[in-house]
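Me: I have a structure to read and would like a guided tour. Please take the features one at a time.

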Amino acid sequence: MSTQPTPPGTAAPEPALEVRGVTKRFGALDVLRGIDLVLHQGEVLGLVGDNGAGKSTLVKILCGFHQQDEGQVMVGGKRVRFNSVGAARAHGIETVYQDLALIPQLPVYMNLFLGHELTRLGPLRFLDRRKMRDLSRKYLDDINVHVPSIEAEAAQLSGGQRQAIAVARAVRAANKILLLDEPLAAMGARESRLIIDLVKDLAASGRISIIVIDHNYAHLFELCDRINVLQGGRITIDQQVHETSLQQLTELMVSSFRQQLEGVPSAGA
Amino acid sequence: MGLRVLRLFLYQRELTPIVITIGLFAYFTVRAGSNFTDQLSLSSAAGYAGPIGAIAVGEVLLLMLAEIDLSAGQVFLFAPWVEYWMHNAGLPIVLSILVALAVCGGVGAVNGLITVRLNVPSFVTTLAMNFILYGLVLIYSSMAQASPIPLSDGSGFSSKLMGTWIWSEIGWVLGITIFGAVLLTRTRFGTRIIATGGNLIGAAEAGIPVRRVKVWSFVLCSFLAGLVGIVDAVKYGSLDPGNFGVDFILYAVGACVIGGTALTGGRGTVIGAFIGAILIGVLEDGLTLIGVSTNDFYVWVGVVIIFAMAMNVQFDRIIARSRGT
């Protein structure tokens, strides 16, 4: 995509995604205070942090749902600014949201193509339902996701099935970057395994770079190449998974949390 | 077998009002005989149903978005006034109609933009717009009736097409019903309406331009109401500045509900709304013919609306509870 010639001496490819000094404020609340983050090509990056640390806000900036106040986002070395989800999608970025973003009244196959509906030529953009049905059936079979029927409305699916459809939608459409905001939250063991394998396959293909938010460290250690910790609106820890253990990471997080507390002047009481 | 029938009624919401309408039709035919089935009676039923249906088609799209347009009835009355003024100002008929339709579309755009940009609930935006349009008609008509309307005193094809043929108004309504139904069930825009109404945040997260979908739906609702409003005026041949559009809106929302549209968003049918309008028309015409007073008509319309809404809500609950079969 980049038309600029690579400067001599820089053999390393551009990161898939780079975030520099991104801030976001909602009213009086400083949610992100300067995020610096790099996602390398083909890498799976885990993002952890307490509730309210700003993980979902960061994801929603990267996917174009929110816009940052300050700072830069670069995709493949090129500076971008997404004013809409559609703009991020045009750069090959797909997202699984915490709330899944499914439409209860639409059948499974329409949810799978939501925002990417296949249409026939013409100004009215008639839906090509048959093609969407066929592709949905085949795709869900391929990735071993089982639903009662692709005609069933999303409202009729179980929590785990809904989540699987939401993940399947993003995985199918992503061609550069996949953002997963707690993709395993409501899932049983079998369904979690399914999604983990799906993401691992995708990562192994090397064409997609992935950011995963999850609270389950066992999942993260299995899935990720690297883990970043988000605390107080900043990335405080950046660890390669093969160089650390769960215990080490936890200790790092606790000491970083202590530092933060000590760094802050005692507030009143 | 029984289950299959239940499923059919669950997902084909139009079936219930069709059955009721056929029942009413049979009842009035038995009670009033050929008085009910002759052309004059049926065309007057269609005359009641026409304005209601025209407004209900656009209103369904908005109700599915969990929005409402209370000004569409006034737009229906306003459009022919604009056409009349433009024609008096020297514009040819076709051009004055086009200007009137553009103005209606513009009213819808204003409704939509105020609703999505200023976050004013559409109930309030369009209620205000209703009064504004009513006031504009009173001001610029100097509270005098207007007659004749362009085309209303002609006998050529264009006059017949635009309203003087007794079936032309209901024909237009049937046309826009088919257009609305195709739009809603077969096009990407229709899917976007269902998605936006069914899960606003989710739709936005999935990249659907939810505000644009809403604004265009307001535009469409006003445009369709204005279009049939012009035909309606040609049909009657005169304009009355004192008419108040909210009456139409109440019937139109009633027709949508009778047709199977819930007001919670995400679920609705355009064809159902048309059938709801026909049901109201048949009821009004039939009751008049068998000598029941208008007062009874209101009671019956109320009963039918409550019955239909209770069914809609129960049907939705059954669907939500059934785990994929």
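Reply: Start with one residue, Arg317(B). Arg317(B) is exposed, because 10 other C-beta atoms lie within 10 Å. The cut-offs: 20 or more other C-beta atoms within 10 Å of a residue's own make it buried, 12 or fewer make it exposed, and anything in between is partly exposed, with C-beta atoms placed from the backbone.

Me: Where is Arg317(B) found?

Reply: In helix H15 (residues 294-321) of chain B. Helices (H or I, at least four residues) and strands (E, at least two) are DSSP runs, numbered from the N terminus. Arg317(B) and Leu8(B) are 309 residues apart in sequence, and 15 Å apart in space, C-alpha to C-alpha.

Me: What should I know about the model and its labels?

Reply: This is a predicted model: local features need pLDDT of at least 70, side-chain atom pairs count only at pLDDT 80 or more, and totals for chains, interfaces and linings use all residues. Residues are numbered from 1 along each chain as its sequence is written, while chains are lettered from A and ligands numbered from 1 in the order in which they are written.

Me: How many helices and strands are there in chain B?

Reply: Chain B has 15 helices and zero strands. Its C-alpha atoms fill a box of roughly 65 × 55 × 35 Å, taken along the principal axes. Of its 325 residues, 50% are buried.

Me: What radius of gyration does chain B have?

Reply: For 325 residues, a compact globule would be near 20 Å; chain B has 20 Å, so the two agree. Now look at contacts, meaning residue pairs whose C-beta atoms, placed from the backbone, lie within 7 Å. In chain B, 78% of the contacts with a separation of 6 or more are between residues 24 or more positions apart.

Me: How many residues of chain A are in contact with chain B?

Reply: In general, the size of an interface is often given as the accessible area lost when the parts come together. Here we count residues. 30 residues of chain A are in contact with 23 residues of chain B. Helix H2 (residues 85-90) of chain A gives the most to the chain A side, with three residues. That side divides into 18 nonpolar, seven polar and five charged residues. Nonpolar covers Ala, Val, Leu, Ile, Met, Phe, Trp, Tyr, Cys and Pro; charged covers Asp, Glu, Lys and Arg; the others, Gly among them, are polar.

Me: Which residues of H6(A) are buried, and which are exposed?

Reply: An α-helix has 3.6 residues a turn, so residues three or four places apart point the same way. In H6(A), Glu191(A), Leu194(A), Ile195(A), Val199(A) and Ala203(A) are buried. They cover an arc of only 165° around the axis, so they sit on the same side of H6(A). That arc is the one of the directions from the helix axis to the C-beta atoms. On the other side, Ala189(A), Arg190(A), Asp197(A), Asp201(A) and Ala204(A) are exposed. The cover over the buried residues of H6(A) includes E3, helix H5 (159-173), strand E8 (209-213) and helix H7 (217-223) of chain A.

Me: How many residues of H1(A) are buried?

Reply: Helix H1 (residues 55-62) of chain A is mostly covered, with eight of its eight residues buried. Among them are Lys55(A) and Lys60(A). Just after H1(A), Gly64(A) takes a positive phi of about 90°.

Me: What phi does Glu182(A) have?

Reply: Glu182(A) has a positive phi of about 50°, although it is not a glycine. Its place is in the loop between strand E7 (177-181) and H6 of chain A. Glu182(A) counts as buried, because it has 21 C-beta neighbours inside 10 Å.

Me: Which peptide bond is cis?

Reply: The one from Ser147(B) to Pro148(B), with omega near -5°. Pro148(B) lies in the loop between helix H7 (122-140) and helix H8 (157-164) of chain B.

How values were computed: Rg over C-alpha atoms; globule rule 2.2 N^0.38 Å. Contact = placed C-beta atoms within 7 Å.
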